[in-house]
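Visitor: I would like to learn how to read the packing of a helix and the contacts between parts of a model. Could you take me through them slowly?

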Amino acid sequence: MSPLQIEKGSSQHSAYDLRSHLSQDTERHTLAVIVDNESGVLARVIGLFSGRGYNIDSLTVAEVDHTGHRSRITIVTTGTPQVILQIKTQLERMVPVHEVHDLTVEGASVERELALIKVRGTGDKRVEALRLADIFRAKVVDTSLDSFVFEITGTPEKVDAFAELMRPLGLFEVARTGVAALSRGAVAR
Amino acid sequence: MTQMSGAQMVVQALKDQGVEVIFGYPGGAVLPIYDEIFQQTDIRHILVRHEQGAVHAAEGYARATGKPGVALVTSGPGATNAVTGLTDALMDSIPIIVLSGQVPTFMIGNDAFQEADTVGITRPCTKHNWLVKDTADLSNIIHQAFHVATHGRPGPVLVDIPKDVQFATDTYTPKARASTKHYQPRVKGDIDQITRLVEMMETAERPIFYTGGGVINSGPAASQLLRELVAATGFPITSTLMGLGAYPASGDNWLGMLGMHGLVEANLAMHGCDLMINIGARFDDRITGRVQDFSPHSRKAHIDIDPSSINKVIHADVPIIGDVGHVLEDVLKVWKARGRKTNAGALPKWWAQIDEWRKVRCLSYKNSDTVIKPQYALERLEALTKDRDRYICTEVGQHQMWAAQYLGFEAPNRWMTSGGLGTMGYGTPASIGVQVAHPDALVINVAGEASWLMNMQEMGTAVQFRLPVKQFILNNERLGMVRQWQELLHGERYSHSWSESLPDFVKLAEAFGAKGIICKDPADLDDAIMEMLDYDGPVIFDCCVEKHENCFPMIPSGKAHNEMLLGDASTKDAIGAGGGVLV
C-alpha cells in the first residue's frame, strides 16, 4: 500500500496505521502471552490455533513466576493483519490469559533462540566445523572423536545460517528451543 | 469454616448461586451428588431421558429466564452426550453450567469404566472448563464457573468432578469469598467512539439498526433502551434470528428479520444504508451473504462485548467494546445532550424507499384449501396464540425460518432457537426447560418431524413432570431444508432427504401418556389448534403440511443481499458453482 493512502488507525508505533485492514499480505508477529500455569492451559492455546486454522511457526512455554504460577508463552505466527488481530483478541478473551503483547508492533524487542547441533565428521571437515562454530560464537558442549554437539544462541536467522553451514560438514541432528522474546527498555512486555 | 463433603459442596454452591432447578441424569460417577440432591428440597431436579436433552433444557431455561441453566451428567457417555448442547450454547452465547462426574483421580488415565477425557473433549466447546483434583478447590471453582458463564459474553462452562473428590471432606468457600477478580470483562464502551457514533447518527441519510442476541443477553433493560433509542431517532430496525423480541414485531420501525431467509425490506435496507449500527450481532455468514458485497456504501458501527467479534468478518468503522445495555445508555445520553438531532430532511426519503420495498410483500404465498400450507399453519398459530403468555421454541430447518417470519415476538426471552450451531433436536428439550421456568405459560415447540424425532424421548420427561409443552410439528415427511437445497443446487436429486416410515404421532403421543392430534385439512386447523391449547398437558400436534413447499425469500449462498430469491419462478440455477461449496 502506498504511504500516501494513509489510514488513521490503531498502530502503536505510529500515529498512522500504514497497513490496510484489507491487506492480504502475510506478516510475521511474535506474541508474548502471560497465562495462569494451570493444567491444560497450553492445550487451550494450541487448540485455539489449530481449531481456527492459525499458523504456529514457533512456540515456547515455561513458568516464569513460580509464586504467582504464571507462564510466558512466546508464539511466532504468520497471517494477514486481520488474522493477527483475531489471534490477539481470541487469546485475550481466554479465561486463564492475563496479557497478550504483540512484540512486533509494541516497540523494539529482542528475540533469541537456543539450538543444539550435532555434527559428525573427521579430518578437515571436523576442523572446519570447529572454526565456523568459533565465528558464530557457538560453544562445544559435547565431543567424541568423530562428533561435536554445538550450543548456539541467537536470532532464528542466525541459527538457520549456522545449521546451513554445518550441512556439508556432517550435520546430523538439530534440537531448537523456539523463540524467546522480550521488549527492549525498562518496560514490562 | 464449614467442613463438608465434595458432594455436599456441590449442592451448597448451587444453592448459594440461587439455583432453583437442575436438569440431569444420574450415573456411577455422580452418585454421591445425587445422594445429596435426594436429601434436600431447595433444588428441584428434572430427570431427562438423554444428557443432550439435559443441556438443551438448561439452555431453554437460561434463555427464558436470563439466569444461568445447570445440567448434571455422569462421566464418559454422560459427558460426551453433553457435547452438542455445550457447542450449541457456545455458538449462541447462552450461560449454562454443566457439572460432570469423573472416575476417581487415581484411576484417571487408566481407561477406567465410563472414563473419558471430558475436559479435553469439551475444551473447544466451552468458554472454560475445570477438572477438580482436590476437594479444597471444588466450591471455589463452582463459584468461578458461574461467574465466567454469566460475565462478559455469556457461554457454557463445565466442571468435571472425580468421584473421590465428591466423597472427600474439606472446607467450603462461600460465594462471596470465591476468587473471581481475574475475569472482569469490560462493560462500559469507550465514550469517544460512542460520541463518534452519535455524530454519524445525527447526519446519516439512510441509517439502520441491526440488532442481535447480544441485546437479549444484556437483559431486559437493554431491550428497553433499544426501544427508546429507536422511538426517539425514528430509524428503521432489523434483527438477526437470535435477537427477535428485543424490539417488538408490532413496532412502527420494525422491518422484520434479515439474513438468508430474511425479509426483502430488511435485506435491501441493509444493502442500501449509509450507516449501519450493529448492536450485539456478529456478522454471521447467514446475515452477510457474500462478504465483498455486504452493504457496500455504509459506514458501520459495531457494539459488542467480545473484542474478537469486532473486525472478524466485517471491518468496523466505529468499534465499541462493551455491554449493549451500558453502551445504549451512553448513546442515548450523548445523543440527548447534543440536542436529539437526526437528519430530518433525509429520513422521510429513506422510509419512502423502505415502503416501496415493503410493497413486494415478500411473505405472501399461494394458499390452498385442500392442503395445509406451512405458512398458513403458522399464521393461524400466531393468530390464536399471540395474546397469550407465550414462549416459542423451534427445531432447525424450514419450519424454524417460517416461525421466525410468521410469528411476532413482542418481548425478549420469548424465542428459543438454535441459531449458530443449527442443532436439530434442540426444540423439544428446550421447551421443557422453558416450561419448568414458566409453569403456567404457553410453551410451543414449532418443529419439523425430522428434527423432532431427534430428541423425542424427552416427551417422557414432559409427561413425568407434568409439563404441558405443545409440540407443533409441521410434518412434510421430508428434511425440508435439505430437500430445498437439493432442488436448487443438486439437480432435484433428493438424496436421502425423506423418511419412509414415520411414526403415527397420535399413537406415539398416547404411548408416552400425552395427547396426540392430527390435522390434514386447512378447514379443521383452527379447531385443532384450539384443542391443543385447551388441553391441560403435553400435546404432540401432527400438522400434515404441503410436502414440497420452499422457504422464501432466500439469499442463495455466495450471493449478496440484493440478489434474493422471492419465489419458485426465480430459482432456476440460482446457486452458482461458487456458492455450491458454501453451506
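Visitor: Which elements cover the buried residues of helix 14 of chain B?

Guide: Helices and strands here are DSSP runs numbered from the N terminus, helices being H or I of at least four residues and strands E of at least two, and two residues are in contact if their C-beta atoms, placed from the backbone, lie within 7 Å. The cover of helix 14 of chain B includes helix 9 (191-203), helix 10 (213-218), helix 11 (220-233), strand 12 (275-279), strand 13 (299-304) and strand 14 (318-321) of chain B. This is a predicted model, in which local features need pLDDT of at least 70 and side-chain atom pairs count only at pLDDT 80 or more, while totals for chains, interfaces and linings use all residues. Residues are numbered from 1 along each chain as its sequence is written, with chains lettered from A and ligands numbered from 1 in the order in which they are written.

Visitor: Which residues of helix 14 of chain B are buried?

Guide: A residue is buried if 20 or more other C-beta atoms, placed from the backbone, lie within 10 Å of its own, exposed if 12 or fewer, and partly exposed in between. In helix 14 of chain B, the buried residues include B:Val324, B:Leu328 and B:Trp335.

Visitor: What follows just after helix 14 of chain B?

Guide: There B:Gly339 takes a positive phi of about 100°.

Visitor: How many residues does each chain bring to the contact between the chains?

Guide: Chain B brings 13 residues and chain A 15 residues.

Visitor: How far apart are the centres of domain 1 and domain 2 of chain A?

Guide: Domain bounds come from an automatic or database domain assignment, which gives domain 1 (7-102) and domain 2 (109-183) of chain A. Their centres, taken over C-alpha atoms, are 29 Å apart, and seven residues of domain 1 of chain A are in contact with seven residues of domain 2 of chain A.
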